[in-house]
Amino acid sequence: MKQVTKGLWNGYDTYILHSRDLEVTLLPRLGNNIISIYDRIQNREVVRKPDEQDLAFYLQKPYHFGVPMLIPPGRIHLGHFEYEGQEYQFAQNSVNNNHIHGLHRTQPWCVSDIEEDDDGCTVTTEWKTCEDELWMKHFPVPMTFSMTFRLQGSTLTQQLRVTHQGDHAAPFGMGYHTWFMLDGEPHRWNIKLPVNGIYPLNDDLLPTGDLEGLGSLASLPYGINLAGQNLDTIFRSDREQDTAYLTRNDGYAIKYTANKDSFLHWVLFTKGESSDYLCIEPYTWLPDAPNMERDADFTGLIHMEPGQTIELSTQIEIVQPADSE
């Protein structure tokens, strides 16, 4: 079962990584999204999967499904910023003419390698920003992206490699908007997150540049129940631990790890009062980072020089209840 097979979603090729525990479906030609993580032991979808009839909505807002990449994540004031003498203007696509969730949406990635071995299976995909006229208009920095998806048993690892191929320094930030399913039973689920502060937002839902305590969410690092929660909150990582734990009351658990040296922030989003979903979103940079008068240690903005390569690693692991093994 440690193999990669092909399928179709609305006429677009999918690549499915198989193990005894999971089936992970990739959609490279529409944004390189993971559109399904199917738990074969529990017979459940781990993340929000788009149905075939969701194509139009997916094309408009692909970050509402699966494990989409946000490059960069969050909002940018009026979609505008300057960096190292260069001016950037992103689309003003959210309230108050701000920008939200970056330039990466449904660009076509190419599968460059498939590997199958005794331990698991791997798919590698690639994309170059210079191939996207709209990207280059808003962010005129040629970059090459390579993503390696590796499935071993109940663990999925994503390794994103970004290479700056331009001729001037540029800012970089990315995140994942991961839609974990709560199956309409939020009271059965707890979330434990390694954070120590909240970034307050202004009326435009942009960070003010301040940092506050966890307040009513003070128990979050130890675990809180999701019943009745209404979250759209940006948290500061504690910089010591790098794994979020989403646990069900029967012992079932999802461990979501984002390298603590790169992903300095977490967002929790329930889309109203918690019911079907909990989005757990690791971010490298704080929304509106280039416009904030704070240093990179606070914002998480990654300064990239020409020729520089960075690697960003995340991992999702499913832990079964003892009686399921």
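Mentor: Begin with a hairpin: strands β8 and β9 form one, with two residues between them. Strands here are DSSP runs of E of at least two residues, numbered from the N terminus, and two strands pair if DSSP finds at least two bridges between them. This is a predicted model, where local features need pLDDT of at least 70, side-chain atom pairs count only at pLDDT 80 or more, and totals for chains, interfaces and linings use all residues. Residues are numbered from 1 along each chain as its sequence is written, and side-chain values use heavy atoms, without hydrogens and water.

Trainee: Which residue in the turn between β8 and β9 has a positive phi?

Mentor: The two strands, residues 80–83 and 86–89, run antiparallel and are joined by four bridges. Within the pair, Glu 82 stands opposite Glu 87 of β9. In the turn, the residue with a positive phi, about 50°, is Glu 84.

Trainee: Which residue of β2 stands opposite Leu 8?

Mentor: Strand β2 covers residues 12–18 and runs antiparallel to β1, with seven bridges joining them. Opposite Leu 8 stands Asp 13.

Trainee: How many bridges join β22 to β23?

Mentor: Both strands belong to an open antiparallel sheet ordered β11-β12-β13-β14-β27-β23-β22-β18-β20. Thr 243 stands opposite Thr 257 in β23. Between β22 (residues 243–248) and β23 (residues 253–258), which run antiparallel, the number of bridges is five.
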